[in-house]
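Please examine the sequence and the coordinates before reading on.

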Amino acid sequence: MNADEEDDITEELLADAEKLTGLSLELLGLDPHPDDMTEEQRLQFDPEDLAEMAADAPQGRQKSVLQARLLAGLLWNSSSILLDQLFRDLGTLSELETVTPADIAGSSVLSSLPPQFAASYDQKFAQKFIVVAADVTAALVRGWTAPGCLAAELAVRCLLDQAEITEEIYELDLPEDWRADVEEVLLEDADSEALYSDRLDDLEDDARELDFEHWFKPFAAGDTVPPYAYS
């Protein structure tokens, strides 16, 4: 990759960052700065903490802001790529008489899902997963809420997988632990990580809650799942 390509993708992602209105830069790892706070917000901090926040050198602050905006743009950009690739996977599945784990392993996005359930990733599943993924990515604009079902948590993980691919291709200047930090915000107390465990069958009661038939069911009252996916 040459410098022009790097500059082009950086400019594109920084422009996309303005569209990601559902997550603040602070949630994406930017430490607050007293100059950016209202008087009411400053009253929530001790004077010593405010002084420490303000002590950040201008160059360091500028880099932190740039990295947070770059990450916001990366999430926006990756959302579109994720859905494009899911539609591509759906098109591939629709041409198959039967779907095998080998077919899923060669797919763009579905290959990132827990492999032990690959035999269940048929055309109907892909359609429902696309609806859930679209709902998850829309939350990046309307205001983030925690995923309401296991499929939604998995869609977030697929989104971050795509973001990592783009980051690696273009060697973006992001904090080293950006994915872990974003997961902590978007997937707080998530159960879906256990689906990738080789010992899922040993989880007893938890394993039943993580079974494939529960993936599109709301976690609890108040959690929402798009009607098409929940049907």
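Is glutamate 164 buried, partly exposed or exposed? Glutamate 164 is partly exposed, at a relative accessible area of 26%, where buried means under 20%, exposed over 50% and partly exposed in between (1.4 Å probe, protein chains only).

The model is predicted: local features need pLDDT of at least 70 and side-chain atom pairs pLDDT 80 or more, while totals for chains, interfaces and linings use all residues. Residues are numbered from 1 along each chain as its sequence is written, and side-chain values use heavy atoms, without hydrogens and water.

**Salt bridges** (a side-chain nitrogen of Lys or Arg within 4 Å of a carboxyl oxygen of Asp or Glu)
- The whole structure contains seven salt bridges.
- Glutamate 164 pairs with arginine 179, with the closest N and O atoms 3.0 Å apart. Because glutamate 164 lies in helix 7 and arginine 179 in helix 8, this pair ties together parts 15 residues apart in sequence.
- Arginine 179 is buried at 14% relative accessibility.
- Glutamate 183 forms a salt bridge with arginine 157, the closest N and O atoms being 3.9 Å apart.
- A salt-bridge network links Arg157, Asp161, Glu164, Arg179 and Glu183.

**Nonpolar core** (buried Ala, Val, Leu, Ile, Met, Phe, Trp, Tyr and Cys residues joined through side-chain atoms within 4.5 Å)
- The largest core has 57 residues, of which Leu86, Leu110, Phe129 and Trp215 touch the most other members.

**Cysteines**
- There are zero disulfides (pairs of cysteine sulfur atoms within 2.5 Å).
- Cysteine 149 is buried at 1% relative accessibility, and cysteine 158 is buried at 4%.

Conventions:
Helix = DSSP H or I, 4+ residues; strand = E, 2+ residues; numbered from the N terminus.
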